[in-house]
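Trainee: I would like to learn how to read a few features from a model. Please take them one at a time.

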Protein chains: 2
Amino acid sequence: MSKDNNQNAPGKGHLEVIPLGGMGEIGKNMFAFRFGDEIMVVDGGLAFPDSLQPGVDLIVPRIDYLQQNAALIKGWVLTHGHEDHIGGLPYIMPRLPRVPVYGASLTLGLVREKLNEYGVKEVDTDLRVIKAGETVRIGEHFVVEFFRMTHSIPDNLGYILHTPVGRVIHTGDFKLDAHPTDGQPSDLERIEKAGDAGVLLLISDSTNAERQGTTTSEAEVAQNLDALIGSCRGRVFVSTFASQVHRLQNIIKIAEKHGRRVVIEGRSMVKYSQIAEALGYMEFANPLLTSDEVGELQDSQILFLCTGSQGQPMSVLWRLALGMHAKIALKRGDSVILSSNPIPGNEEPVNLIINKLYEIGTDVFYPPNYKIHASGHGSQEELLTVLRLARPKYFLPWHGEPRHQINHARIAQTVPQPPRRTLVAKNGDVVRLSEDEFKVTGTVPAGALYVDGLGVGDVGDDVMLERIGMSQEGVLVVTALLAPTPHVDIVSRGFVKSNRELDHQIRKVALEAIESGLREKKRTEDLRDDMYGAVRRFVRKATGRNPVLIPLLVD
Amino acid sequence: MSKDNNQNAPGKGHLEVIPLGGMGEIGKNMFAFRFGDEIMVVDGGLAFPDSLQPGVDLIVPRIDYLQQNAALIKGWVLTHGHEDHIGGLPYIMPRLPRVPVYGASLTLGLVREKLNEYGVKEVDTDLRVIKAGETVRIGEHFVVEFFRMTHSIPDNLGYILHTPVGRVIHTGDFKLDAHPTDGQPSDLERIEKAGDAGVLLLISDSTNAERQGTTTSEAEVAQNLDALIGSCRGRVFVSTFASQVHRLQNIIKIAEKHGRRVVIEGRSMVKYSQIAEALGYMEFANPLLTSDEVGELQDSQILFLCTGSQGQPMSVLWRLALGMHAKIALKRGDSVILSSNPIPGNEEPVNLIINKLYEIGTDVFYPPNYKIHASGHGSQEELLTVLRLARPKYFLPWHGEPRHQINHARIAQTVPQPPRRTLVAKNGDVVRLSEDEFKVTGTVPAGALYVDGLGVGDVGDDVMLERIGMSQEGVLVVTALLAPTPHVDIVSRGFVKSNRELDHQIRKVALEAIESGLREKKRTEDLRDDMYGAVRRFVRKATGRNPVLIPLLVD
């Protein structure tokens, strides 16, 4: 088929664009596109909990809409292999029908590993490798044409979705790195050609819409790492995102240049480097070592690539910094390089690690004083470039919190041919799109499904509130035995240090409430309420605290 | 007395410098200086809890050393009125003897208000106002000479401590603002003259030791705020630190220039502006208004100064952003200006507020894209200037985490006459100082005292661990009634959504453990342990979770 001409004439019916995640947030990206009785799904990411979601392991999008319309799903497209795009798949895929899933080689390699880890059988999935430049048909109404966009993981794709109502360009995550590690820059020609032919809707990455200028190239990061590592005399430890395969490749080359063998430390670092090597995304002169194989290498001949750049508890860098690593002890003369920035929310543990490294006496290097990290997302100039080339009629700023979406919307108004309409959509919005229409016409259920222990969705916001309450004030359990003679026991956790006098008074207050209620022949339920109220008032007055109070009556 | 000659010849005995807070951390600053049987105390600040100290209201330094040596305390010096320097006084002062407390007028005004609020009687304190340039004697061995240093609160002081072993310069918190709001820059001549005469020890502010260049002047912030506020057409809301009295003054002047009346919103903002006005640190053409007095003013004639720049729950900005303010509703056309940066740890709530403001449709302005905030602490060039002028023999980098202290120590090595020795001290270190000696010779108890509700020190790290445990996994209370027939009840908080089948299984597992133990005639304690173990194992296997488990036996 001719790529720039839709086989279906525009104007018949309408397309529904339904973000299920990634709007108004950075994380758990997922889209459903619906035309008539066909649905195409894009990505299925996860998000990490914030401080109001304590104890939650991770968060995946609610997929009620897809489950209710399961029979309509014709295919699935994956843009790249980051957790916020594929991390939800082990939870989501088993709940939806087996349909063709299209993704690049590395993306599907990571998906396969992930599904395997969670016990999803290969036979229950239909993973199909595609390449940039290729086109696939999904159902009757969707034709998807993939194109290359640079990002902080190899094999990252944007796509042009040809539909009966017109062309949609979804950039995927991107920056416009002019000097990418693999020498293959973003396919801006493809966007420009689509712009020439007419783009109905652009969906573009808003992450860095507040950052002026252009995002640093990966090549510049590599140059700075080269200079820095070249200046180190003792052992070198580099931590970065394990999924930053190009960065890992560059660091390995830099190590080899400076006569250092590379030791990989940390489960995810090992996993990513193995998959990347197996699929041909990484090469090295000497095999990578484990810490057991260091043998007689001198300090100046070793570089450790390790996990923990986000301060994750029990990661390699965390254990090294806290002196809890079983095999390696940091020492004065070692250099530790954080080729990363803390993701919002991780500032505190990263800061803890940096301080511990200083206390040990290692030399510690990190941004911004060392320019050894670059974001994977384009800044304002790059967003402008895509908008100028695509010249969309309608615009959907995506992959951002409201502050990013709205600034992206403003940026869009500054190009020579600004979009006729921009929507700042929310997850669950049903955005109706046709030649003449671009508006939210309804909503579907969307939001966060908490994965907590083995459960998916069995803790919700009520449980979160209880956890937060207990974390602030502790819990106080008051047990009243009614017969043969009333008697009260209390036990607490996270409340105050055990305090005999206070315990005694609480028991007394509770017992008085019970005895008074019994005299009035109150019902058990009322006795419990009385005891609850009396203890709560007393504790608040005596301690200024408001623990989560659990009254138990045993009769 | 002649300022630059110690009355006591050097060399007799030694001085002990004992940091009780503010070393290895930013917060709860406090020093004890001891010579022979005399102690002088400096400051008494508070710190705010981090994520590992849930529910704690605030943290003050442990003062066991001062309590044990209470009779030796001869006087107390306060450098300035920030919470991390005076916020601990209501807890600390009542536990120590009444001694003369020296501080500048605004500092003591804030202390008075604070003590009053916490019910400490004025008659139990001995507050004495001093000015920059004045000198006081404390005990036989200490002569304290105060000098002006610019900072983010007026009336900020450094001091030269003349002791029998030589001069100590303590910069206090500072930046070297060449254009301060009150026209009175730091007294660098005094530091230089002391340097000429010989400085034994310099104690200097390390907060921004990692920042290159010079910290922005308050004058530049005012210019940018002027331009920004001048460009706003609707209502303007400005939030900043309530203690930033100079900034408040500048904003009031800017408002008046642009024909806007100023409305003050928020308890601490009202408090600081009242104290500052009463003591002559603030002036305005028109009286400040409350939101009840806005009357018929048009939107373009109003500027609100409000609390909440750190995203504090229930602050004015928080209530405005969440649509929970009783009297004011934000609307499209309003401008909200955050003249502040989030303090580490507050990024998440500040980000929430910014996003909510965007969602409402207000125009939101904040750093770094708008240069409308400046730190109160000097950057590397300013630290270098002080080191070059003071030329100390010994150096104690203070007011910083290890990363800041160690970078400050490195900076000190780059001046023409670097210190002979630098110590990176910890809280509780006893640093012995004389002409020939500068080393840690011991430690005193030091650390964090948690203020939680009405209690001071009655929650500790064990309680913190319980709170963190419950916040991650919830709590599960299993109550077993032994007689007449064994019976088990369970109740949980923050665990999982109520789940009849799971509850049933847990009760069954617990009951089996109890019945089996009863058959073996086990003791109550062992029954409890059996039930605890059985339930824990079952819950972990069934749910993947590890709630805080409270087993109760009633017999």
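Trainee: What should I know before reading values?

Mentor: This is a predicted model, in which local features need pLDDT of at least 70 and side-chain atom pairs count only at pLDDT 80 or more, while totals for chains, interfaces and linings use all residues. Residues are numbered from 1 along each chain as its sequence is written, chains are lettered from A and ligands numbered from 1 in the order in which they are written, and side-chain values use heavy atoms, with hydrogens and water left out.

Trainee: Which residues does UniProt list for "binding site"?

Mentor: The unreviewed UniProt entry lists A:Gly55, A:Asp57 and A:Asp452; such annotations may be inferred rather than shown by experiment, and the positions are in the numbering used here, with feature names shortened. They spread over 398 residues of sequence, yet the largest C-alpha distance is 7.0 Å.

Trainee: Is A:Asp452 buried or exposed?

Mentor: Buried means under 20% relative accessible area, exposed over 50%, and partly exposed in between (1.4 Å probe, protein chains only). A:Asp452 counts as buried because its relative accessibility is 1%. A:Asp57, at 40%, is therefore partly exposed.

Trainee: What is A:Asp452 in contact with?

Mentor: Contact means heavy atoms within 4.5 Å. Leaving aside neighbours within four places in sequence, the contacts of A:Asp452 include A:Gly55, A:Asp57, B:Thr543 and B:Arg545.

Trainee: Where is A:Val440?

Mentor: Strands (E, at least two residues) and helices (H or I, at least four) are DSSP runs, numbered from the N terminus. A:Val440 sits in strand S21 of chain A, residues 437–443. Its relative accessible area is 37%, so A:Val440 is partly exposed. Not counting residues up to four places away in sequence, A:Val440 touches A:Leu423, A:Asp429, A:Val430 and A:Val431.

Trainee: How many aromatic pairs are there over all chains?

Mentor: A pair of aromatic rings is described by the distance of the centres and the angle of the planes. Rings of Phe, Tyr and Trp (its six-membered ring) pair if their centres lie within 6.5 Å; planes under 30 degrees apart are stacked, over 60 edge-to-face, and the rest tilted. The count over all chains is 16. One of them, B:Phe31 with B:Trp398, is tilted, at 6.1 Å centre to centre and 45° between the planes. These partners are 367 residues apart, B:Phe31 in strand S2 and B:Trp398 in strand S18 of chain B. B:Phe31 is buried, with a relative accessible area of 2%.
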